[in-house]
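Subject: Structure for your attention

Dear colleague,

Please find the structure below, followed by an account of what was found in it. I would be grateful if you read the two side by side.

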Amino acid sequence: MATMAPIEQRADPWLVELYRSHYRDLVRLAALLVDDRGLAEEIVQDAFVSVARRRMQVALDDEQATPAYLRSAVMNGARSALRRRAVRRRHLRSVEPPPIAPGADREALADAETRHVLIALHRLPTRQREVLVLRYYADLTEAEIATTLGISAGSVKTHAHRGLAALAQHLEAE
Amino acid sequence: MTDHHPPGGPSPAEPDDPRTAARLRRALHARADRIEPASDGLHRIEERLMSRTSLTDAQKWILGGVAAVAGILALVAVVLAGGGDDDGDLATGSSTTTTTEEATTTTTEATTTTQFTQPVDPYAVAFPSPTDSRRFGAPAPAARAYATDVLGFTELTLGEIGRSQDDTTEVSVTDREGGPETVIRLERLEDSWFVVRSTAPDIEVTEPSAGTSLATPFQTSGRALAFEGTVDVLVLEQGSPLPRGTGFVTGSGTPPPGPFSGRIVYTAPDEPVPGVLVYRTLSAEDGRVLQATSFPVRLTTEQLDEEPEDCGDTSDSGDPGEATPDARVVKVFFHCGTDLDEVVALRRTVPADDPAILTNTIGALLAGPTEAERDAGFTSVFPVDAGAPSEQLHGVVIDGGVATIDLSGRIRDQLANSSANTLTLRSEVFRTATQFSSVAAVEILFDGSCEAFAQWSQSDSCLVTEP
């Protein structure tokens, strides 16, 4: 007990499998919310660390629960990151921050239509943006979105509806 | 994640604008599907896990009934107090443990995951869930697991174990040196340790109290001091990592702790379950959990009325009174629940002497929602405890489509400049003023000063041009 096993021997097949199945998708999801691949990766890694730690301590091997938990953790992480970013911005007192952060992958935004839509998306309130991304990117059902965000299915419907309407308005206005 | 639905294609419950939905779907995929994460993700995760694994191992030994438990615990505490997760120290240290009084009390019950038949009232404890097999033979590992798994601490130092009595004890937890101490209270029930509550120095919850049966949504109040006044509220089901609900309340951003009150919504379970309410504040610098007050509650299946986010059919809400030649029905805009994104209208009847209609309407806004409206879920920064509403408004001038609204500086003095407060005030004033066609934008002043409002709201200007 006096020495620790090297990391390879302790590599948990469960974790490796979870990583293979979900890591990339979650990074992409997070990147849509925070617009910065590096930050998105950190957020997803946080989520994995948290879910793996829980597994060591409680039985969390329900196949449904784990991805749902990861997704929730990623959404929360992205929201905190945005909040911190907003606070920093306010302290800098900058005027109207650019909707797409400088860290964004420029080439991915080359397409003018894509950029146009994403800028409009980032002008929406956080909750609406989250619901729209989970619905139209991750293709989750209303019930799944409700679980992920910890809100009611009714709110999901409302946010999706209002979000899409607001998005259409922004798109028309420009 | 591939595009399951063809652009513009049908999808269950597709909202009424399939074209925008299709554009959005295309753009999201165009942006995200090109992103390839760096290849070292798994390695990084494992690295970070490893710094934790040592502690988990230590816990396993303890749970496995290794003798001289307290010695290891003391070392864990020492290692952590030293500010590091140093595996080497911990591992070496464990072979040179010393026995203390604590050891004799903790080594006797060395059952880990064997079934546990003695009933512990699940509504009286917060952690671990009496219905699963996890048990703690000593208070410190239970406190640590609770702090990380339930309260959400990421870095933590366990403080002294208070030894008030044999069957109750307190363990303090801090996120950083000099940080606030959250005190976790534990009780020994049926030979293992359970967390019964945690108490943070800056978060005092007066409503609901521990053990209460809750329906969704529920009202909560108390006093808190936090960065920007914001206290996160989590509604957890005992033993489940996914919150049934999340929300926040706003106390004070500057000492002393200020009052908060709000409504929290959660997804009602199919049958009553033991739950835990967590109120926590996060660090301004790194977003880590700083302190948390938490206690067990009972989550019932009851759902009260409509969702507070909807706050009823707002166009007909409020007391319209009668529109007479001398009176006019106007709208005042408040928020609904804790959703900062939406304002909702309530009706008010104000004197109709035309030049002063906006003044009268803003006056009605400053009076805030009525008690009945608050019960229905409406929230607002108004009324502010800053004297009579008439004294809180110095004057209103409309010029060239811009309404300049001069508020009393006492409003500012009473309201923490949290983003929740500033956003709420701005949008309520803006939407209320711009219901009149002669008003397109709003300038908000405090005691005649544009700069004073800009400073308080941490924006560049006192001119508000959108909600």
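How many of the 8 residues of strand β4 (residues 192-199) of chain B are buried? The count is 6, and the strand is thus described as mostly covered. Buried here means under 20% relative accessible area, exposed over 50%, and partly exposed in between, with a 1.4 Å probe and protein chains only. Helices (H or I, at least four residues) and strands (E, at least two) are DSSP runs, numbered from the N terminus.

Please note that this is a predicted model, in which local features need pLDDT of at least 70 and side-chain atom pairs count only at pLDDT 80 or more, whereas totals for chains, interfaces and linings use all residues. Residues are numbered from 1 along each chain as its sequence is written, chains are lettered from A and ligands numbered from 1 in the order in which they are written, and side-chain values use heavy atoms, with hydrogens and water left out.

The hairpin in chain B

Strand β3 (residues 182-189) of chain B runs antiparallel to β4(B), and 7 bridges join them. Two strands pair if DSSP finds at least two bridges between them. Within this pairing, B:Ser198 of β4(B) lies opposite B:Ile184. The hairpin has 2 residues between its strands, and B:Glu190 adopts a positive phi near 50° there.

The open sheet in chain B

Chain B also holds an open sheet of 3 strands in the order β5-β7-β10, with antiparallel pairing. Its edge strands are β5 (203-207) and β10 (258-264) of chain B, each of which pairs on one side only. Between β5(B) and strand β7 (residues 218-224) of chain B there are 4 bridges, in the antiparallel sense. One residue pair is B:Glu204 with its bridge partner B:Arg223 in β7(B).

A covered helix in chain B

Helix α7 (residues 357-366) of chain B is mostly covered, with 7 of its 10 residues buried. Among them are B:Ile357, B:Leu358, B:Thr361 and B:Ile362. Just after α7(B), B:Gly368 takes a positive phi of about 80°.

Chain A

Chain A contains 8 helices and 0 strands. Of its 174 residues, 55% count as buried. Among contacts in chain A (heavy atoms within 4.5 Å) with a separation of 6 or more, 62% come from residues 24 or more positions apart.

With kind regards
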